[in-house]
Structures are given as C-alpha cells and as structure tokens.
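Here's a quick walk through one chain, written for someone who likes cut-offs spelled out. Have a look at the model first, then read on.

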Amino acid sequence: MSEQIQFIVEKLNQEPFRKNYNLITFDSLESVQLLQLLNDVLGEIDPKHAVDIREELPEQTAKRMLSLLGILKYKPPGSISDLSAFRQGLVTGSKPVIHPVLHWLLQRTNELKKRAYLARFLVKLEVPAEFLQDDTVADVNKQYEELMEAFKNLHKECEQLRTSGLSTAEIRRDISAMEEEKDQLIKRVERLKKRVETVQNHQRMLEIARQLRLEKEREESLAQQKQEQKNQLFHAEQRLQRAQLQLKEMHHAVVDSKPESLMKKLEEEINFNSYLVTEKIPRELESKKNSTYILQKVVAEPAMSQSDLNVLEIKINEVNAQINQLIEKRMMKYETTDSKFSMYRQQASIISRKKEAKAEELQAAKEEMSNTERQMLQKTTQAQELEGSEVLKGDEFKHYVNKLRSKNTLYKKKRLEIAEITAEYGVLQRTEELLKQRHEAIQQQLQAIEDKKGISGYSYTQEELERVSAVKSEMDEMKGLTLNNMSEMVKKLNTMVAEKKASLAPVIKELRQLRQKCQELTQECDEKKIQYDSCAAGLESSRSALEQEVKGLLEERAQEESNYRYINCMKRTLEIQLQRAKEEMKAYVSPDPQERRKAIREQYTRIILEQENLGKKLREKQKVVRESHGPNMKQIKMWQDFEQLMECKKECFLKQQNQTAIGQVIQEGGKDRLVL
C-alpha cells in the first residue's frame with residue numbers, strides 16, 4: 001500500500017499536475033479534496049470532466065465518474081456485493097476506494113487518453129426499436145453507423161501513418177525543397193516567356209506545340225489501348241485453345257469409354273459435389289461466420305491494453321485446463337462401461353478424418369490438374385510453334401494414356417492398402433496400450449497378493465522357468481533340424497554359386513573394359529580440370545582487375561557528377577545575380593522616376609541619407625546633453641541637500657512635539673523648571 005501511495009505522489013508531482021505533495025500531505029487530504037484530485041486526473045484524461053465538484057451534486061459527480069470509469073474499463077476489486085460498496089465509497093471519497101483508482105489511472109494515462117478519445121466517437125447510442133420504425137430516424141441512424149465505420153478506418157490509417165516512420169522534419173524539408181524547385185521553375189518559365197516574346201508569331205507556335213503535346217498524349221493512350229487489346233486477344237486465343245482441347249478430350253472420352261463407365265464417373269462426381277455442398281462447405285462457412293462474428297465483436301470494442309490481454313490469456317488457459325480435465329473425466333467414466341464401443345468410435349473418427357482429408361486432396365488434385373492442363377496447353381502451343389518437335393499422336397498417345405491409367409489405378413490400390421494398414425496399426429497400437437495397462441494393473445495386484453502371502457517374486461520366478469523351458473524345447477527342435485537344413489543349404493549354395501559364376505562371366509569382361517575406359521576418362525578429366533583451374537584463375541585475376549578499374553571509374557564519375565552539379569548551381573546563382581544586375585541597370589537608366597525609385601541603388605542612397613540625417617540629429621542631441629550635464633548635476637546635488645535639510649527639520653519638529661506632550665520646561669533666573 002505504501003508503494004502504491006508513493007507512486008501516486010510521484011506522478012502527481014510531475015507534469016501536468018505539479019501538486020507538490022509528499023506522503024504526509026497526501027495522506028492528510030480530506031474526502032472532498034481526494035474527490036477533486038480524482039476529478040482532476042479524469043479531466044486530464046477527458047477534458048469534458050475538468051469541472052469543479054463543488055458546483056454539482058455528489059450524485060451527479062459519482063454518476064459522471066462511474067460512467068467514465070466504465071468506458072475506460074476499470075474493474076474494481078471484489079465481488080458484486082463490493083460493487084455497491086465501491087459506488088458508496090466513490091460518493092463519500094473513501095481512501096481505500098480512491099487510492100486504487102488513482103494508481104490505476106496514473107499507470108496508463110496515455111493509453112486511457114486514447115481510449116477516452118475513441119469512446120467519444122465509438123460508443124454507440126442505443127435507439128429504441130419503436131423509434132427506428134420512422135424512416136427519418138432509421139436513415140439518420142444508418143448514416144451515424146456509416147460515419148462511425150469511416151472514423152474507424154480513418155483512425156487506423158492515422159495510426160499506421162504514425163507508426164510508419166515518416167517524420168515531419170523530413171516532410172518539411174521535402175516541401176521546402178519542392179517550393180524552391182517551384183520558384184526556380186517559375187523563374188525559368190518567366191525567362192523563357194521573355195525570350196519567346198521577342199520571336200515573331202510566338203502565340204501560333206505555342207498553340208502548335210500544345211497541339212503536338214496533346215497528339216503525343218493521345219498517341220500514348222492509343223498505344224496503351226492497342227496493347228490492352230492485344231493482351232485480351234491473346235487471352236481469348238488461349239481460352240479458345242483450352243476449349244478446343246477440352247472438346248477433343250471429351251470426344252476421345254466418349255469414343256473410348258462405355259456408358260457404364262461414364263455413369264460411374266458422373267456418380268462419383270455427383271457424390272463428391274454433394275459431399276462438398278452438404279457437409280464440407282456448410283461447415284467451413286459456419287466456421288468463417290463464427291470467426292467473422294468474433295472479429296467484428298473485437299473491432300467494435302475499444303482498444304485493449306497489454307494488461308487486459310494478459311488477463312484474457314490467463315482466463316483462456318484456465319478454461320482450457322478445465323476442458324481437458326472434463327474430457328479426461330469423461331474418458332475415464334466411459335472407458336470401463338463403454339469399452340466395447342470405443343474401438344468403433346475411434347474407427348468412425350478415423351474414417352471421418354480420412355474422408356475430409358481425401359476430399360481436400362481431391363480438391364487440391366483438381367486444382368493441380370487444371371494448372372497442369374494450362375501448362376500443357378502452353379507447352380503444346382510452344383511445341384507447335386517449334387520446328388521438328390515430336391508430339392504423341394494417335395495410338396502412341398492412347399497407349400501412353402492407358403499405361404498411365406494402369407499405373408494410377410495401381411497407385412490408388414497401394415495407397416488404399418497403406419491407409420488401411422495405418423488405420424489398423426492405429427487400432428492395434430491403442431489395443432496394445434490398453435492391454436499393457438491391464439497387464440500392469442494385474443501385475444501390481446499379483447505382487448500385492450504375493451507380498452501379503454509372504455511369497456514375493458513367485459510369479460516372476462515361475463515365468464522365468466516357463467520361458468527357459470520353452471527356449472530349451474525350441475533349441476532341441478532346432479538342433480534336430482539343423483543337420484538336414486545345413487546339407488540342403490550347402491547343395492543350394494553350390495548350385496547358386498555355379499549359376500552366378502556362369503551369369504557373371506560376360507559381365508566381368510564388360511566390367512574390365514569399362515574400368516579401363518573409366519581410368520582413361522578420369523585421367524582426361526584431371527587434365528581438363530587442371531586446364532579449367534588455370535583458366536579460371538586467369539579469368540578471376542582479370543575480373544578483379546576489371547572490377548577495380550570499374551570501381552575507380554565509378555568513383556571518378558561520381559566526383560565528376562558532383563563537380564557538374566556544383567558548377568551548375570554556381571551557374572544558376574550567377575545567372576540570377578546577372579539577371580538582378582540587368583534589372584538594376586534597367587531601372588537605374590530608366591527615365592521614369594517611379595522605375596528609378598525601385599532600383600536598389602536609389603533605395604540604398606535614400607537609406608544612407610536617412611541614416612546620416614539621423615546621425616546628425618543624435619550628435620546634436622549628444623552635444624546638448626554634454627553642455628547641460630554640469631548644471632544638471634549641480635541642481636541634483638542642491639535638491640539632495642534641500643531634501644536632507646527638510647528631513648532634519650522634520651525630525652526636530654517631531655522631537656519638540658514629543659517634549660510638549662510630556663511636560664513644559666520654564667526657564668527662570670538661569671534655572672530650568674519642568675511643569676507637568
């Protein structure tokens with residue numbers, strides 16, 4: 001609690017509050033002062049609440065603060081019964097209620113400012129349904145919702161622009177550079193206009209140049225339209241070729257196939273499409289609707305802070321843990337009573353997942369087939385354009401298609417077998433796990449019984465004896481069969497060795513020739529590699545030299561470009577100065593006095609004369625001040641002395657009045673007598 005109060009005091013002593021509190025003065029604040037302090041913090045977040053609470057009723061103050069805290073999503077600690085206590089404490093200015101609110105507000109002031117700003121435009125006004133029956137009210141409400149959506153989009157764009165990294169300084173520099181370029185262009189245009197004005201028929205030439213520019217723009221637009229029409233023609237030709245190819249395929253399919261196969265194929269397509277329409281697409285559509293509803297709900301809510309997100313994540317994790325616990329309890333509950341149907345449920349879920357996977361694979365295969373058909377169409381067009389290209393036709397193509405179909409059917413059969421084996425493997429794995437669990441439970445029970453009877457290890461010893469006896473019997477049987485098997489194996493091996501020798505003799509001869517050829521080729525490859533390495537090293541050295549030369553030339557080009565730009569800038573400045581000098585000479589030589597006054601020389605001469613006159617006046621004033629300095633100083637000294645004299649007289653007068661107030665002094669006969 002002390003850390004909380006210390007944090008509040010530190011924040012209140014900073015900008016923009018600057019309260020100059022310490023822990024003692026803050027703790028000694030009364031309830032009205034605390035409420036006013038809370039109202040000041042709320043007024044900093046939302047300027048509408050910057051009011052004096054003494055000018056309104058306590059109920060109005062509490063209602064206003066509660067509405068703003070609700071907009072800011074403040075959650076008071078405690079249950080529903082504590083909410084009434086929170087309202088009562090807010091009305092009375094209780095410290096246990098005000099301090100947490102201040103701590104929460106001062107922790108996230110900037111974020112709450114943004115939330116309060118957005119709440120002014122995004123908190124929707126609830127209009128009763130009976131009022132919406134009126135067309136005018138309904139239109140206004142619709143326009144209000146559209147404006148709210150437009151504000152959301154504009155605010156998002158504004159935030160993106162703020163976070164995009166564009167600085168105002170760079171924009172201002174760009175604007176100033178563009179303004180300078182604009183001024184230069186205006187000056188250049190003016191100079192060109194002055195040059196053109198001296199040419200005869202310049203208006204007609206300008207009109208011709210304008211028409212030429214319009215015709216060039218029209219030519220560019222026509223060329224662009226021509227290119228677009230060419231693209232459309234190309235796409236139309238491609239569509240026509242695809243349609244022709246599909247028509248040929250349909251003709252071939254009708255010629256080669258039977259009505260039964262066509263009906264079977266159509267039934268398969270109908271079943272697949274009906275599955276998509278009745279099961280898959282509605283499920284996906286429902287999931288998309290749910291996700292859209294959730295996203296709309298999230299967008300409609302005000303912006304959430306990181307602490308709110310952390311709280312939601314904790315709640316989600318807790319709910320997921322509860323769901324997992326309930327699922328485990330349900331599985332444990334139904335595992336004993338309904339163990340017979342668990343296998344069938346598992347198989348049904350596996351089949352449904354396989355069905356969905358197969359549907360997705362089929363859809364992906366159809367998309368891939370359409371892409372392949374487009375690629376095949378492009379390749380066929382390229383093959384037709386090329387000369388001497390070979391394309392399968394007639395019986396060869398049919399034979400190739402039949403071969404692919406047979407391979408495809410074989411592939412599908414093998415894939416189905418693999419899927420069945422994997423499904424059976426999953427079932428067997430689950431059965432094995434269940435049996436292992438039961439076996440472990442029985443073993444534990446048996447071990448407990450043996451420990452209870454005092455014969456622990458009896459079952460393990462018995463199993464070992466049975467296993468050893470079974471192994472011994474198997475070994476005895478194998479010893480009896482070993483001799484016969486060995487004799488048969490020796491005969492078979494001898495015959496196999498003879499057959500392999502006879503079959504490998506020509507292969508060995510070919511292998512010797514190939515080895516000799518391989519040695520020759522490796523030797524030749526080594527020589528070529530040495531030549532390649534030497535050539536590559538020479539090329540690398542020449543490439544590095546060329547790169548250095550290119551680098552030097554690029555640097556020289558950059559230097560020359562900078563020199564060119566510098567000279568060009570100097571040239572522009574000199575042109576501007578020359579132009580100003582010409583204008584100055586023109587104005588100075590002009591017989592018109594008004595034009596001559598505009599000349600810089602005349603202006604400076606006038607300024608020089610004014611300054612000289614001003615200097616003369618100041619020198620005269622200085623001379624007068626120097627001459628009157630001595631008498632003025634004497635007069636000041638005299639006035640100061642006069643002031644001291646008057647002060648002395650005043651003091652004497654006051655002393656005399658004090659003495660007469662006490663008594664009267666009478667001098668008689670050389671003696672002083674005091675009369676009271």
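First, the ground rules. This is a predicted model, so local features need pLDDT of at least 70 and side-chain atom pairs count only at pLDDT 80 or more, while totals for chains, interfaces and linings use all residues. Residues are numbered from 1 along each chain as its sequence is written, and side-chain values use heavy atoms, with hydrogens and water left out.

**The whole chain**

The chain has 18 helices and two strands. Both are DSSP runs, numbered from the N terminus: H or I with at least four residues for helices, E with at least two for strands. Of the 676 residues, 12% count as buried. Here buried means under 20% relative accessible area, exposed means over 50%, and partly exposed is in between (1.4 Å probe, protein chains only). The accessible surface of the chain is about 57800 Å², and carbon and sulfur atoms hold 57% of that. Areas come from the Shrake-Rupley method with a 1.4 Å probe; for residues, only the protein chains shown count as cover.

As for contacts (heavy atoms within 4.5 Å), residues 24 or more positions apart make up 57% of those with a separation of 6 or more.

**Salt bridges**

How many salt bridges does a search of the whole structure find? The search turns up 13, each being a side-chain nitrogen of Lys or Arg within 4 Å of a carboxyl oxygen of Asp or Glu. Here are some of them:

| Pair | N to O distance |
|---|---|
| Arg210 and Glu207 | 2.7 Å |
| Glu217 and Arg213 | 3.5 Å |
| Glu547 and Arg543 | 2.3 Å |

Arg210 and Glu207 sit three residues apart in helix H10 (residues 202-256), about one turn of the helix. Arg210 is partly exposed at 39% relative accessible area, and Glu207 is partly exposed at 37%. Also in H10, Glu217 and Arg213 are four residues apart, again about one turn. Glu217 is partly exposed with 42%, as is Arg213 with 44%.

Helix H15 (residues 458-589) holds both Glu547 and Arg543, four residues apart, about one turn of the helix. Salt bridges with shared partners join Glu540, Arg543 and Glu547 into one network.

**Surface patches**

Patches are built from residues with over 30% relative accessible area and no salt bridge; like charges are joined within 9 Å, nonpolar side chains (Val, Leu, Ile, Met, Phe, Trp, Tyr) within 5 Å. A negative one is formed by Glu179, Glu180, Glu181 and Asp183. Asp and Glu count as negative, Lys and Arg as positive, and His and the chain ends are not counted. Glu179 belongs to helix H9 (residues 168-197) and is partly exposed at 47%.

Val127, Phe131, Leu132 and Val137 make a nonpolar patch of about 280 Å². Val137 is in helix H8 (residues 135-163).

Leaving out residues up to four places away in sequence, Phe272 touches Ala359, Leu362, Gln363 and Lys366.

Thr61, in helix H4 (residues 58-71), is buried at 5%. With residues up to four places away left out, Thr61 touches Ile53 and Glu56.

Key: Charge placed at Lys NZ, Arg CZ, Asp CG, Glu CD.
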